[in-house]
Structures are given as C-alpha cells and as structure tokens.
Amino acid sequence: MSLTPITLRAIEISDIEVVTYWLKEPRVAEELSWHFPLTFEGTKAFFDMLASDQRNKGFAIENEAGGLVGLTMLYGINDNSREAWTGTLIAPGNSRRRGYAKASRLLLAEHAFGELNLKRLLSKISRSNIAAEKFLLSLPYSEIVETDESYDFKIFELTRSAWRQSNHPI
Ligand SMILES: CC(C)(COP(=O)(O)OP(=O)(O)OC[C@H]1O[C@@H](n2cnc3c(N)ncnc32)[C@H](O)[C@@H]1OP(=O)(O)O)[C@@H](O)C(=O)NCCC(=O)NCCS
C-alpha cells in the first residue's frame, strides 16, 4: 500500500536490528504504551507476537528512497466488536515531522474500515506524549474517557463514520 511519501510493506526479520537501535535512543521507549526488553531478542519476540496472531497486522514504513523509517500496526483486532488498537513508531531523529506517520495511519485506517470492515480504531498514549496526541487529533481521532483507565494514559478513537466524514486524501 502506498501514499506519498511512504509505502507499507510486510515486516521482515532484517528489520529487527534497526528497530532495536531506535528503541534504545534516549526517551523513545518511554514514549510507547507497550513495553518489552530493549534487546534484539525483545524486539524479535514483539515481531513474532505480531506475526503469529491473526488479531495483529503490522507493517514496515518505507520512505520514497526505500529506507525503513517506522512501523505502523493494528493489534487486538476484535471480530465481534469490529474494533482494533493502532500504534505507530517513526525512527527518532530526522525522519519525524515529514508526514510518514500520518500517511501510514491514513492507509491503515482505509484498510481497517474499507477491507477489514472494522467500525472503530483506538489508540492509547502516555498523557505526557504531546507529539502523539497532536498526531492523533490530526487524523482525526478524538479523545474518549475510559473510567477504568490509569491517569497516566489517554485513549483516542476514530470511528468509521468519523473517518468517512473527514476530509482524508484517500
Ligand atoms: C507521534 C509520532 C508517531 C509522529 O510521527 P511523525 O512522522 O513525526 O508525524 P507526522 O510528520 O506524520 O505528523 C503529523 C501531524 O502530527 C502532529 N505532530 C507530529 N509530531 C509532533 C510534535 N512533535 N509536536 C506537535 N505536533 C506533532 C502535527 O500535527 C503533524 O502535522 P504537521 O507536521 O503538518 O504539523 C512520532 O513522534 C513517534 O514515533 N513517536 C514515538 C511513538 C509514539 O508516540 N507513538 C504513538 C502513536 S499513537
């Protein structure tokens, strides 16, 4: 799947080393709402978990030069409620603020609503993660209040009807 400036492709074993390197950069691991050991084996276990469970769909994000710049994923796809969680990581440093995450999530939303027939996408972020909050609002997700959720996190949703009504470029 492609949308300028990115292409989504299957995640490959050869991506593990690069992703582990990103996760070890200062503050990157703290930005995520999922945690695992910051080692090659920890990243491999995460990739294996994504690949072995049909409720997950993970993609590598490549930029126009064919370089790996991030990961974007649906996880916990629920066939009954027709909902899924969504997450994205863009390589720290100069790959950010180039529209890579946004393009990846527009493709993911169209895939989720158009092909998988899902009704709602959710994202959970740390309350302190302002970049992620602005990013989600730009898609446009909106914040919802979950009374049993920890104060440390915020939950955002994108419904299929909100997606259809939004002025997205796909
Ligand atoms: C959040 C994250 C995915 C954004 O990736 P990105 O490729 O830099 O985002 P984009 O360039 O597609 O930005 C899309 C919009 O998000 C908002 N945004 C992104 N980063 C921002 C920042 N640091 N500060 C304020 N707004 C930001 C802006 O509205 C931006 O549009 P603009 O650049 O036209 O103003 C990236 O910072 C990241 O990987 N963070 C760590 C992982 C994480 O928090 N993931 C949570 C995703 S749910």
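Biologist: In what order do the elements of the protein chain run from the N terminus on?

Modeller: The order is β-β-α-α-α-β-β-β-α-β-α-β-β-α. This is a predicted model, in which local features need pLDDT of at least 70 and side-chain atom pairs count only at pLDDT 80 or more, while totals for chains, interfaces and linings use all residues. Residues are numbered from 1 along each chain as its sequence is written.

Biologist: Why is the radius of gyration of the protein chain said to agree with that of a compact globule?

Modeller: The radius is taken over C-alpha atoms, and the globule rule is 2.2 Å times the number of residues to the power 0.38. For 170 residues a compact globule would have a value near 15 Å, and the protein chain has 15 Å, so the two agree. The C-alpha trace spans about 40 × 35 × 30 Å along its principal axes.

Biologist: Why is Ser 14 called exposed?

Modeller: The classes rest on other C-beta atoms, placed from the backbone, within 10 Å of a residue's own: 20 or more make it buried, 12 or fewer exposed, and counts in between partly exposed. Ser 14 has 9 such neighbours, so it is exposed. Ser 14 is placed in the loop between β2 (6-10) and α1 (16-23). Its C-alpha atom is 24 Å from that of Thr 4, ten residues away along the chain.

Biologist: What share of the protein chain is buried?

Modeller: Buried residues account for 28% of the 170 residues.

Biologist: Why are the buried residues of α1 said to line one face of the helix?

Modeller: The residues in question are Val 19, Trp 22 and Leu 23. Viewed down the axis of α1, they fall within an arc of 95°, and therefore line one face; the arc is that of the directions from the helix axis to the C-beta atoms. Their cover includes α2 (28-31), α3 (40-52) and β4 (68-78).

Biologist: What makes a set of residues a nonpolar core, and which members of the largest one touch the most others?

Modeller: Such a core consists of buried Ala, Val, Leu, Ile, Met, Phe, Trp, Tyr and Cys residues joined through C-beta atoms within 7 Å. Of the 37 residues in the largest core, Ile 61, Leu 71, Tyr 100, Ala 109 and Ala 112 touch the most other members. The element that gives the most to this core is α4, with nine residues.

Biologist: Why is Ser 126 called partly exposed?

Modeller: Ser 126 has 16 C-beta neighbours inside 10 Å, which places it in the intermediate class. Ser 126 lies in strand β6 and is 6.9 Å from Glu 31, C-alpha to C-alpha, although 95 residues separate them in sequence.

Biologist: Which peptide bonds at Pro 5 and Pro 140 are cis?

Modeller: One joins Thr 4 and Pro 5, with omega about 10°; the other runs from Leu 139 to Pro 140, with omega near 20°. Pro 5 lies in the loop between β1 (2-3) and β2, and Pro 140 in the loop between α5 and β7 (142-144).

Biologist: Which residues come nearest to the ligand, and what makes a residue near?

Modeller: A residue is near if its C-beta atom, placed from the backbone, lies within 6 Å of the molecule or strand in question. Of the 22 residues around the ligand, Arg 96, Ala 101, Lys 102, Ala 131 and Lys 134 come nearest. The largest share of this shell, five residues, comes from α5.

Methods: Helices (H or I, at least four residues) and strands (E, at least two) are DSSP runs, numbered from the N terminus. Two residues are in contact if their C-beta atoms, placed from the backbone, lie within 7 Å.
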